[in-house]
Amino acid sequence: MEADASVDMFSKVLENQLLQTTKLVEEHLDSEIQKLDQMDEDELERLKEKRLEALRKAQQQKQEWLSKGHGEYREIPSERDFFQEVKESKKVVCHFYRDSAFRCKILDRHLAILSKKHLETKFLKLNVEKAPFLCERLRIKVIPTLALVKDGKTQDYVVGFTDLGNTDDFTTESLEWRLGCSDILNYR
């Protein structure tokens, strides 16, 4: 009997809180609609121009990224190229791989998909056999390893498949989520 009264009281409190939250959201939406209804032609024109300018800037940024090699997943031939590539882009994912490693081929497939989707990040791969100094400097011991570089500094690593569910069958979305956790790409 006492438990039923407790559950009823909890239900009423929850219902009341939900009702209050709904009223607040509705009031906020009503005020936004009212603001839009009260806009005159000049204000609407300014709003339109502001939006067009934002679209122009976004398109300009996209073109700049494409000109710097974003939007494709490609191999770089040497350590020297790694430093140049990292210097010219704000966000870089570099896959340190070996031809003989099966798991590197799995990662290649996912990175090729993400490179086309996330133009804000440059996606590269570098053969560890051609970059012994860099591998030692970045302390890369496990293949595959993704070095996540932001503003010229190595910010994080994805080592092997541990962060991806420890399975070869991980999804591209799980890799995307993991890279988003490091803020190396814009994950939504």
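Student: Does Leu-36 count as buried or exposed, and at what relative accessibility?

Tutor: Keep in mind that this is a predicted model. Leu-36 sits in helix α1, residues 2–38. The cut-off for exposed is over 50% relative accessible area. Leu-36 therefore counts as exposed, with a relative accessibility of 52%.

Student: Let's move to α3. Where around the axis of α3 do its buried residues lie?

Tutor: Helix α3 covers residues 79–88, and its buried residues are Glu-79, Phe-82, Glu-85 and Val-86. They span an arc of only 115 degrees around the axis, so they lie on the same side of α3.

Student: And which exposed residues does the face turned away from that buried side carry?

Tutor: First, what covers the buried residues of α3 includes strands β1 (73–75), β2 (91–97), β3 (122–127) and β4 (145–150), plus helix α5 (132–137). The face of α3 turned away from the buried side carries two exposed residues, Arg-80 and Lys-87.

Student: Glu-79 is a charged residue in α3. Why does Glu-79 count as buried?

Tutor: Buried means under 20% relative accessible area. Setting aside neighbours within four places in sequence, Glu-79 is in contact with Lys-130, Ala-131, Pro-132, Phe-133 and Leu-134. Glu-79 counts as buried because its relative accessibility is 17%.

Student: How many Å apart in space are Glu-79 and Gln-61?

Tutor: In sequence, 18 residues separate Glu-79 and Gln-61. In space, going from C-alpha to C-alpha, the separation is 27 Å.

Student: Which residue in β3 is the bridge partner of Tyr-97?

Tutor: Start with the strand pairing. β1 and β3 run parallel and are joined by three bridges, with Glu-75 opposite Lys-125 of β3. β2 also pairs with β3 in the parallel sense, over six bridges. For Tyr-97, the bridge partner in β3 is Asn-127.

Definitions and conventions. Residues are numbered from 1 along each chain as its sequence is written. This is a predicted model: local features need pLDDT of at least 70, side-chain atom pairs count only at pLDDT 80 or more; totals for chains, interfaces and linings use all residues. Side-chain values use heavy atoms; hydrogens and water are left out. Buried means under 20% relative accessible area, exposed over 50%, partly exposed in between (1.4 Å probe, protein chains only). Helices (H or I, at least four residues) and strands (E, at least two) are DSSP runs, numbered from the N terminus. The arc is that of the directions from the helix axis to the C-beta atoms. Contact means heavy atoms within 4.5 Å. Two strands pair if DSSP finds at least two bridges between them.
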